[in-house]
Amino acid sequence: MRRTDPEGHGPVRYGPPPPGQGLPVPPGLAAAARGANTEPAGGGAALLDAARGYWARRGLPAGRDRTAAAAGGPALLLALSAALGGDVLLPRPCAAWWEPQARLLGRSVFHVGTPAECGGVPDPYALLETVRRVRAEGGDPRLLVLSVVDDPTATVAPPELVHEAVEAAAGEGLHVVSDETWRDTLHEPHDTVLLSPAEMLPHRVTVLTDLSGSFLPPGWPAAIARFPDNGAGGELRDRVLDVLTALGARIAAPVAAAAAYALGEPDEITDHIAASVRVHARVAAAAHGTLVAAGALARPPRAGRHLYADLDPLRPALTAQGVGDAQELEDFLTRRLGMPAPGGHRFGDDLAHLRVRLTTAAFLGTTEEERTASLMSREPLELPHVERALSRLEAAFGDLRDNDDARRWESPR
């Protein structure tokens, strides 16, 4: 297959954005975005206090001197990576924005396989083996980034696995950054046990939350970090603030005001998040059913606004369409579905694997009226624009399934 827009496919220049809400902004949130200046490096008092309240309600109390904010998760992770030094370990697959931060600093990145039941958290034994191998080869692993609620796989790691992975990391002297951007997007919050690594080993874990996950539109970059409550945590925060100052990664005052309002979790915000999660969960479940029926492999989505599919079982049909790797799969599905479909290589998976992430926001409408209807509806799958988008997905993958079935039944000549 001929590749499209080759200049947009560089490792950093083309980075698929985090899955957006694709839904209207709450009126109160828009009204809260006031001011014309920037926050101090690390965030102003109002925003940091709002972040502290947010974490305290989740069992993670923090002092203001152990909290920081920056203009988006990538800036915070870049500052953390720079402050900690050394090589970086990431699960495979992982969020698309994690690896570029380390690469820009000239750090080596090593991916560690994840267990069958979930993504986001490395297999503990594979982690230990990777650390020992890297050190034997002269490397200096210092940082593990993980996510209990994962982009891209939309899974939630069980507490026992998180505990084993964090214990393994601590035993090897690694600092853990827990990306908890998606923790407030659980599809079944009452039936899902979510445990932060910071609850297990509070002195070795920094929590990072990009507020575009639940609270702010993607175009309003803001993220918060909670550092360990010890001397090392204070020193790390100081170094991070130095890096943020050098980067000029201050939050614009209107965004900071909106973030503080949202983190206070008034009824308008909690109701909006609950409605958003409900509609994305319904659409994700329907899309997952379509993919599985077509023969793809995909874990059931448990959180977030996306799902991750392995299309290797459909390789014969895709080969007939000129698709042989994840980049060609990305090109093919983006064109065929009319929506972003980044290949698994964007998330640390091997280019040869036919894996793809689909984002549910693309199914919720193209106009403000359609997106508002999706948000307000108790039966979003019955809305005409949602039904049409899901029908396009079903037709695209149905054709692949039918073509694959035809080839299997084709008589040998």
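Does Ala 154 count as buried or exposed, and what is its relative accessibility? At 0% relative accessibility, Ala 154 counts as buried. Keep in mind as you look around that this is a predicted model.

You will find Ala 154 in the loop between β4 and α6. Pro 152 sits in that loop as well, between β4 (141-146) and α6 (159-171), and the peptide bond that leads from Asp 151 to Pro 152 is cis, with omega near 25°. Another cis peptide bond joins Arg 92 and Pro 93, with omega at about 0°. Pro 93 belongs to the loop between β2 (87-92) and α4 (98-104).

Glu 265 brings us to another positive phi, about 55°, again in a residue that is not a glycine. Its place is the loop between α9 (253-263) and α10 (267-293). With 18% relative accessibility, Glu 265 counts as buried, because the cut-off is under 20%. The side chain of Glu 265 has a charged partner: Arg 57 forms a salt bridge with Glu 265, and the closest N and O atoms are 2.7 Å apart. This pair links distant parts of the chain, with Arg 57 in the loop between α2 (45-56) and β1 (67-70) and Glu 265 in the loop between α9 and α10, 208 residues apart. Arg 57 itself counts as partly exposed, at 46% relative accessibility. If you widen the view, a network of salt bridges links Arg 57, Arg 58, Asp 184 and Glu 265.

The count of salt bridges in the model comes to 22. One of them pairs Arg 336 with Asp 399, at 2.9 Å from N to O. Here too distant parts of the chain are linked: Arg 336 is in helix α12 and Asp 399 in helix α14 (residues 384-409), 63 residues apart. Arg 336 is partly exposed, with a relative accessible area of 30%, and Asp 399 is partly exposed at 36%.

Now for the aromatic rings, which form four pairs. In one of these, the ring centres of Tyr 308 and Phe 347 are 6.0 Å apart and the planes stand at 90°, so the pair is edge-to-face. Tyr 308 lies in strand β9 (residues 306-310) and Phe 347 in the loop between α12 (326-337) and β10 (355-359), so the pair ties together parts that are 39 residues apart in sequence. Tyr 308 and Phe 347 are both buried. Elsewhere, ring pairs link Tyr 54, Trp 55 and Phe 215 into a cluster.

The largest has a volume of about 50 Å³, and its lining includes Gln 21, Thr 185, Ser 214 and Arg 305. That lining divides into two nonpolar, five polar and one charged residue. The second largest cavity holds about 40 Å³ of space. Among its lining residues are Val 148, Asp 179, Glu 180, Arg 183 and Leu 194, and the lining divides into five nonpolar, one polar and three charged residues.

Key:
Residues numbered from 1 in each chain as written. Predicted model: local features only at pLDDT ≥ 70, side-chain atom pairs only at ≥ 80, totals over all residues. Heavy atoms only, no water. Helix = DSSP H or I, 4+ residues; strand = E, 2+ residues; numbered from the N terminus. Buried < 20%, exposed > 50% of the residue type's maximum accessible area, 1.4 Å probe, protein only. Phe/Tyr/Trp six-rings, centres within 6.5 Å; stacked < 30°, edge-to-face > 60°. 1 Å grid on protein atoms, 1.4 Å probe; cavity = no way out; pocket = protein on both sides within 12 Å on 5 of 7 lines; lining within 4 Å. Points joined across faces, edges and corners; volume = space filled by probe spheres on them. Nonpolar A, V, L, I, M, F, W, Y, C, P; charged D, E, K, R; others polar. Salt bridge = Lys/Arg side-chain N within 4 Å of Asp/Glu carboxyl O.
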